[in-house]
Amino acid sequence: MADFGSNMAALLPEIILVISGLVLLLVGAFAGKKAVPAINLTIVGILLLVAVLVLLRIPDAALSLFDGALRLDALAVFGKFAALLASALGLWLAYGYLKTDKRLTTEFGVLILFAALGMMIMVSATDLLALYVGIEMQSLALYVLAASNRDSLRSSESGLKYFVLGALSSGLLLYGASLIYGFSGSLRFEGIAAAIANDASVGLVVGIVFLLSGLAFKISAAPFHMWTPDVYEGAPTPVTAFFSVAPKIAAVILIARILFDPFLQMLADWQQVVIAISVLSMVVGYLGAIMQRNIKRMMAYSSIANMGYALIAIASGTAGGLSGLLIYMVLYAITTLGIFACILAMRRAEGMVEQMDDLAGLSRSQPALAIGLTILLFSVAGIPPIAGFFGKYFIFLAAMQANLLWLAIFGAVASVIGAFVYIRVVKIIWFDEPPQQDFVPVSRVQAILVASSATLMLPAAIWFLPALYEWSEIVALSLFAGG
Amino acid sequence: MEIETLLPALAFYLFAGVAVISALMVVIARNPVRSVLFLIMTFFSAAALFVMLGAEFLALLLIVVYVGAVAVLFLFVVMMLDVDFVELKQGFAEYLPLGALLSFVLAVELIILGATFRIPKEFVAQTPITADVSNIEAFGRVLYTDYAFFFEAAGLILLVAMIGAILLTLSTKKDVKRQKVCEQVSRTPKDGLKRVDVKPGEGI
């Protein structure tokens, strides 16, 4: 065990985040309204800076911190980098949007910063207590962000709904954690793994099921998805964009770590649970999405279905599954951020466009935006030349290698149903008769995000996939070799 | 019986009896404020039982957290929300047979479970309580050393909660009345008092 000083040194990125958050909070309190945009931009900068710092400080061997509470390994570095980058882009997107509406506050940025800190703890947690602390830090910030538009009844409603159901799911998670602690005698993953190797009792299985239920809520997988459409619809749109990317990455990596690290020996016990959640999520997600006319609700159901695919990769329980999961999550994050940038960009003079039918005529008034959105929708539907296809490809490959051929086939069939949802939007954009009014020009932030995410999805930009694949392989192997 | 065994037994039955009776009163009291006060009484008796078990840290937590925070919050809610508890309790007799049946089944199930379930011995009291260290001291020794990270992180969670509460409730609108401390402090009897000569039978 390392001493306290070297433990703290390994947590340097987190400490920088905390200190800058506290300082900026004070600056915001004293500097008044004028400084608000500058503070939020500073936070975007800090998040990016810390993301780079995390990458620069990859340890040679996995470091166990605070007597096994946290582990700094390749998976943690990957997760921290992805979560920080997603948070920074989410805040940047929100900054561009909220500034025009004059609804930006200092606390908005600071809360996203603390949510990012919670995610950093989540992806490196190797202790049930650390896991819970990370989840709560992130969730509390998200509850407030969902309700941050106080003048809107729906925003307050979504915040309250998220809070109450989130508290319930935390209860389930804690109940599971206490059962696991009771039957293994340890909060540390190492201790749990040792207890399982000794004797895996039924109590542990019950504990895992409760723990998984709580975690499934956090990634909005069916049957714990009920809050998602309402919260996504009610929360301010840039907050929804943030919700559907960064917290999902962190929570999925957390689930992968806890199932692949101490509980891998009980694969047969949890695999069926994960498969059930995964199948349900795909069915509920896509069937629900078909019914929606509101584009934010559609994205909510789409994210439920996408979590179903992520869970296929986890159900495989192999290193290939983990690397497929990481690739899938990165591609999902890029695509979703791009789509939300499009949604934020689609404004008419009278306000935001949220209904799908109002998108008619986008191809005529804003052809560039329409092309970008089309590419992104094709990507999330998983149509071959676009990058989104490869995300699903690696997941199905992993499922087949783990003798889950039927699950891969089920996923493929579901994605055909899902393609209908996305292609319907494409049809509205390109072929439906436009209404009278034209769209307001796109702001710079949104244009950059749409353009860059759409370009990354194109076959022309396929160069980044091998690099991503290589990195995810290294990460997956490090967890399986060390765990 | 020896006095050493008699006194603890007496104390136990006293505290346990008070706890059970006041818990019953929480449910049957008509006035919700009284219910909350009885709840506080229950917490205190339970805390006394914890002290008798040698778990003084838990006892203090129970008083500080449950009595100090949760029960006071309950009191606020009960007093601020106009909930008609008499109306809530209507239909009690109507649902009584079904409720009694369900609670009977539940009780039977619990008894069967309690009779058959055995907690594995190796998981009970793994780390023995050292006699020379009180458990507050034992907590203190690890809380700021081994668990420093969790302690700090929990502090940050509370900070996030505080930021959230302020962000969601602090109103910066102009038409909201707010406290002006400077004006309050600089107020003199001269500003606050007005002498009015009231004629008999006229009023102000």
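**Close-up views of a predicted model**

**View 1. Lining of the largest cavity.** Leu142(A), Tyr162(A), Lys218(A), Trp227(A) and Pro247(A) lie nearest the centre of the largest cavity, whose lining comprises 14 residues. The structure shown is a predicted model. The space in this cavity comes to about 120 Å³. Four helices of chain A, namely α6, α9 (202-218), α10 (227-234) and α12 (246-260), each supply at least two lining residues. Of the contributing elements, α6(A) gives the most, with 4 residues. Sorted by class, the lining consists of 10 nonpolar, 2 polar and 2 charged residues. In the whole structure, a search finds 5 cavities of 30 Å³ or more.

**View 2. Lining of the second largest cavity.** The second largest cavity has a volume of about 80 Å³. Its lining is made up of Asn306(A), Tyr328(A), Leu331(A), Tyr332(A), Thr335(A), Ser379(A), Val380(A), Gly388(A) and Lys392(A). Two or more of these residues come from each of α15 (319-345), α17 (367-381) and α18 (388-401) of chain A. Helix α15(A) gives the most, with 4 residues. By class, the lining of the second largest cavity holds 4 nonpolar, 4 polar and 1 charged residues.

View 3. Gln366(A) sits in the loop between α16 (362-365) and α17 of chain A. Is Gln366(A) buried or exposed? Its relative accessible area is 11%, which is under the 20% cut-off, so Gln366(A) counts as buried. Leaving aside residues up to four places away in sequence, Gln366(A) touches Phe439(A), Val440(A), Pro441(A) and Val442(A).

**View 4. Helix α7 of chain B and its packing.** Helix α7(B) covers residues 148-169, 22 residues in total. From its first C-alpha to its last the helix reaches 32 Å, close to the 32 Å expected at 1.5 Å a residue. The buried residues of α7(B) are Ala148(B), Phe149(B), Phe150(B), Ala153(B), Leu156(B), Ile157(B), Leu159(B), Val160(B), Ile163(B), Gly164(B) and Leu167(B). In an α-helix there are 3.6 residues a turn, so residues three or four places apart point the same way. Which elements do the buried residues of α7(B) pack against? In chain A they pack against α1 (4-10), α2 (12-31), β2 (70-72), α5 (106-124) and α6 (128-146). In chain B they pack against α6 (135-143).

Methods
Residues are numbered from 1 along each chain as its sequence is written. Chains are lettered from A and ligands numbered from 1 in the order in which they are written. This is a predicted model: local features need pLDDT of at least 70, side-chain atom pairs count only at pLDDT 80 or more; totals for chains, interfaces and linings use all residues. Side-chain values use heavy atoms; hydrogens and water are left out. The expected span of a helix is 1.5 Å times one less than its number of residues. Buried means under 20% relative accessible area, exposed over 50%, partly exposed in between (1.4 Å probe, protein chains only). Contact means heavy atoms within 4.5 Å. On a 1 Å grid over the protein atoms alone, a cavity is a set of points where a 1.4 Å probe fits but cannot get out, and a pocket is an open set with protein on both sides within 12 Å along at least five of seven lines; lining residues have an atom within 4 Å of a point. Grid points are joined across faces, edges and corners, and a volume is the space filled by probe spheres set on the points. Ala, Val, Leu, Ile, Met, Phe, Trp, Tyr, Cys and Pro count as nonpolar, Asp, Glu, Lys and Arg as charged, and the others, Gly among them, as polar.
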